[in-house]
Every structure is written in structure tokens, then in C-alpha cells.
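I opened this structure to take notes on its fold. The entries follow in the order I looked things up.

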Amino acid sequence: MLFSALLVGGCAATLASNEKLLSPKAQSEQPRAAMKKPRPPTTTERDALKEECQQFLKEVARLRAENQQLQAENQQLTEEVRQRLKENSAFRERLVENSQLLQDIKALRDENRELREDIRKVLGAEKGKERLDAPQATPAAKAGTVSTNAPPQGVLNHWLTTSSGKRHNSKCPFYKSSTGTPCGPKAGKACGVCGG
Ligand SMILES: [Zn+2]
């Protein structure tokens with residue numbers, strides 16, 4: 001563009017100076033130039049000027065073609081950038097969604113852990129109560145009578161979960177909540193939560 005501007009300038013300047021040589025008005029405005037007797041441009045000068053202008057026009061045509069090509073390329077690149085930006089924003093949306101899901105999972109895990117702790121605390125408190133209750137029953141036991149609180153031997157007061165083979169006591173949330181059968185205090189494996 002700069003190159004063509006220079007060319008335009010050059011060509012225009014050449015034309016202008018040529019004009020001055022020809023124009024009587026230009027002569028009157030410039031007394032010094034008027035001192036010299038004006039001479040019409042020689043054929044060689046005119047040919048040189050013509051040649052210069054033709055070259056200039058060719059250059060302009062070449063630059064126009066180049067410009068057109070660059071504009072097409074630019075359009076293609078713009079389209080590509082637009083496409084990439086679209087992909088990028090879709091990706092970002094998925095990322096946000098993903099991190100939201102991860103946060104939800106984490107919150108659920110925390111909640112789950114708290115609930116497990118609550119269950120353990122409740123179960124621990126129940127066991128503590130039983131222990132506190134136990135000494136009150138001892139005098140009766142000492143007296144030789146069977147405590148009414150203690151289950152008679154052979155009573156199936158536990159629950160055996162069929163699928164896991166684990167034994168739960170009556171305080172356990174899994175007690176009779178899973179498919180299984182009533183069982184004694186030594187059947188199967190003790191549950192990790194209630195202790196069986
Ligand atoms: Zn259990």
C-alpha cells in the first residue's frame with residue numbers, strides 16, 4: 001500500500017511538473033521559472049513518463065489482485081477463528097458443568113461421611129446405655145434368677161443378611177432391612193457398623 005502510494009505520488013509529481021512546463025499560468029505564478037524559456041517535453045521524456053505510468057498501473061493491478069487474495073484468506077481465517085471460539089466456549093461450558101458435578105459429588109461424600117459418623121455415634125450411645133443398664137441386672141443374676149432383659153439362649157434376635165453373610169443386631173439400620181433370616185448372636189460375620 002505504501003509502495004503504491006509512493007508510486008501514485010511519483011507519477012502525480014511527474015505529471016504535475018510536466019503540467020507546469022506546459023501551463024502558462026504556472027509560469028506566471030513562478031517568475032523565476034518564467035525567466036527560463038519553457039520548453040515542451042521531448043518525445044523521449046513523454047515516452048519515459050508513459051512507460052512509468054504504465055508500470056504504475058500494472059503494479060496497482062497486481063496489488064489489487066494480491067489484496068483480493070489476502071481478503072479471501074482473511075475471511076477464511078476469521079471463519080476459522082469464529083469456529084475455534086465456538087468450540088472453546090462449548091468446551092468451557094462442559095468444564096464448568098464438570099466441576100459443578102465434582103463439587104456435588106464431594107458434597108455428597110461429605111454428607112455421607114457425616115451420616116456414617118452419626119450412625120456410629122447413635123450406635124455407640126446405645127451400647128453405652130446397655131452397659132450402664134447391665135449392672136442393675138446383676139443382682140438378679142447373682143440371686144440366681146435369669147435376667148428378663150437378657151435374651152434366652154437360642155432366641156434369634158439378630159439378622160443375617162443373605163447376600164453379604166453379615167450379622168446385624170436389632171439397633172443396626174440393616175437389621176431386617178435387607179433380604180435375610182433371623183439368626184443367633186454368633187451366626188455369620190459381624191457387621192462392621194453395628195458390631196453384629
Ligand atoms: Zn449391622
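I began with contacts: two residues are in contact if their C-beta atoms, placed from the backbone, lie within 7 Å. I looked at pairs in the protein chain with a separation of 6 or more, and residues 24 or more positions apart account for 40% of those contacts.

I noted that this is a predicted model, where local features need pLDDT of at least 70, side-chain atom pairs count only at pLDDT 80 or more, and totals for chains, interfaces and linings use all residues. Residues are numbered from 1 along each chain as its sequence is written.

Next I looked up burial. A residue is buried if 20 or more other C-beta atoms lie within 10 Å of its own, exposed if 12 or fewer, and partly exposed in between, with C-beta atoms placed from the backbone. Of the 196 residues in the protein chain, 7% count as buried.

I then listed the elements, which are DSSP runs numbered from the N terminus: helices (H or I, at least four residues) and strands (E, at least two). The protein chain has 4 helices and 4 strands, in the order α-α-α-α-β-β-β-β from the N terminus on.

For the sheet, I took two strands as paired if DSSP finds at least two bridges between them. The 4 strands form an open, mixed sheet ordered E3-E1-E2-E4. Strands E3 (180-183) and E4 (189-190) stand at the edges with a single partner strand each, so one side of each has no neighbour in the sheet. E1 (residues 158-161) and E2 (residues 166-168) pair antiparallel over 3 bridges; Thr-161 has Lys-166 in E2 as its bridge partner.

Last, I checked Thr-181, which lies in strand E3. Thr-181 is partly exposed, because 13 other C-beta atoms lie within 10 Å. Its C-alpha atom is 9.1 Å from that of Leu-156, 25 residues apart along the chain.
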